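Subject: Structure for you to look at

Hello,

Here is the structure you asked to see, with the sequence. Please open it first and then read the notes below it.

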Amino acid sequence: MTSYRIPFNRPTFLGTETDCIADSLATSHISGDGKYSKKCHEFLELTLGVSRAILTTSCTHALEMAALLLDIQPGDEVIVPSFTFVSSINAFALRGAKPIFADIRPDTLNLDERKLPSLISDRTRAIVLVHYAGVACEMDAIMALASQHGIAVVEDSAHALFSRYKGRYLGTFGQLATQSFHETKNFTCGEGGALLINDDSLIERAEIIREKGTNRGRFFRGQVDKYTWVDLGSSYLPSDMLAAYLWAQFQRADDIQARRREIWERYDEGLADWASANDVQLPTVPDYCEQSYHMYYLVLPSFKARTALIQHLKDRGILSVFHYLPLNLSDMGRRYGGKAGDCPVAETVADQLLRLPFFYALTPAELDDVISSIVAFETWD
Ligand SMILES: *Cc1c(COP(=O)(O)O)cnc(C)c1O
């Protein structure tokens, strides 16, 4: 096995997480919705300005909750960008929905809103958006189209906590939005997520679905005298120990984001000349978007160039990785009718995109090492 001097990711760890976990243990409430879960809920609600935020065991599970909340039925169609993680659509496919794969924009790599009119049918129930690398989709156009057709919008905001579009936080546009606290994300508790609810009529049912289909939430609030099975549901609550871990990071959110911003900007400056001399595309961030500094990526001019650069960095002990394979070309995607040529931009980008090491603890020396290694790479023919 190759060992890398500079890994692709090290999970964010501040040291204060262990104090919060110890305190959580001392409260003797380590199941879901304890002291730290409540702190995290309140923090997300107040910071983002969403009606309700609830922690879940993962972003995948928050997406499953979204599919249940929207009452997705077999035969319903759900539009999703082809260039995303499987969970964005798998959660809806689990309810019987048919995925409709949309191509992405060549600049931000987000769902191409110009493709939506031709993909919407009278069976379309939802559009699942992904704000790739934490840069917003074209929300004005998408929300206008969705409301005109009565289609729900779910924002898969796994990359986009604290990103904004025209000053407004992502995760506050769709009826529902989801976050991830997986170890590869800006804020983490190992495995975790959150569901953000902007449509107040979905709040009570979300609590029921998350509590195994019971009205236990109402019971704890003294609103009913026993709790029972009232709806479909599952167990989507993380342990309060995990919430404690996450809370420690939320308390230092500005710090974490400021460091990530420095890393992103250093990459962007350090690679600009090399990229323009070598026909390499760097990330596009429209001026009305404030991003979350989730990742730094390059789009190389060819698959061959990407393969060569991965090897060049590997030879120097640096791990760089590619990202999503287009869903329309996946085994499951093909079973839903996906085929080569459906999403030409996603198919090309998937072969040419490279993600660079990007994490809170990346040192300035490591960062300069990655940049100088890349700048030394010119020969891809
Ligand atoms: C990470 C990620 C997910 C899955 O998150 P989990 O918390 O691991 O379930 C879903 N969608 C996108 C876009 C992601 O990046």
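Y165 stands opposite R168 in β7. Strand β6 (residues 164–165) pairs with β7 in the antiparallel sense over 2 bridges; two strands count as paired if DSSP finds at least two bridges between them. Helices (H or I, at least four residues) and strands (E, at least two) are DSSP runs, numbered from the N terminus. The pair belongs to an open sheet of 3 strands in the order β7-β6-β10, with antiparallel pairing. The edges are β7 (168–169) and β10 (289–290), and each has a single partner strand, so one side of each has no neighbour in the sheet. Strands of a sheet pair through backbone hydrogen bonds, either parallel or antiparallel.

This is a predicted model, in which local features need pLDDT of at least 70 and side-chain atom pairs count only at pLDDT 80 or more, while totals for chains, interfaces and linings use all residues. Residues are numbered from 1 along each chain as its sequence is written, and side-chain values use heavy atoms, with hydrogens and water left out.

Is V80 buried or exposed? V80, in strand β2 (residues 77–81), is buried, with a relative accessible area of 0%. Buried means under 20% relative accessible area, exposed over 50%, and partly exposed in between (1.4 Å probe, protein chains only). Not counting residues up to four places away in sequence, V80 touches S88, I89, I100, F101, A102, L111 and V128; a contact means heavy atoms within 4.5 Å.

Two residues other than glycine have a positive phi.
- K212 has a phi of about 60°. K212 is in the loop between α7 (203–210) and α8 (216–220) and is partly exposed, at 37% relative accessibility.
- D279 has a phi near 60°. D279 lies in the loop between α10 (253–277) and β10 and is exposed, at 59% relative accessibility.

As for the whole chain, there are 14 helices and 12 strands. The radius of gyration (taken over C-alpha atoms) is 21 Å, close to the 21 Å that the globule rule gives for 381 residues, so the chain is as compact as a globular protein of that length. The globule rule is 2.2 Å times the number of residues to the power 0.38. Buried residues make up 55% of the 381 residues. Of the contacts with a separation of 6 or more, 70% are between residues 24 or more positions apart.

Regards
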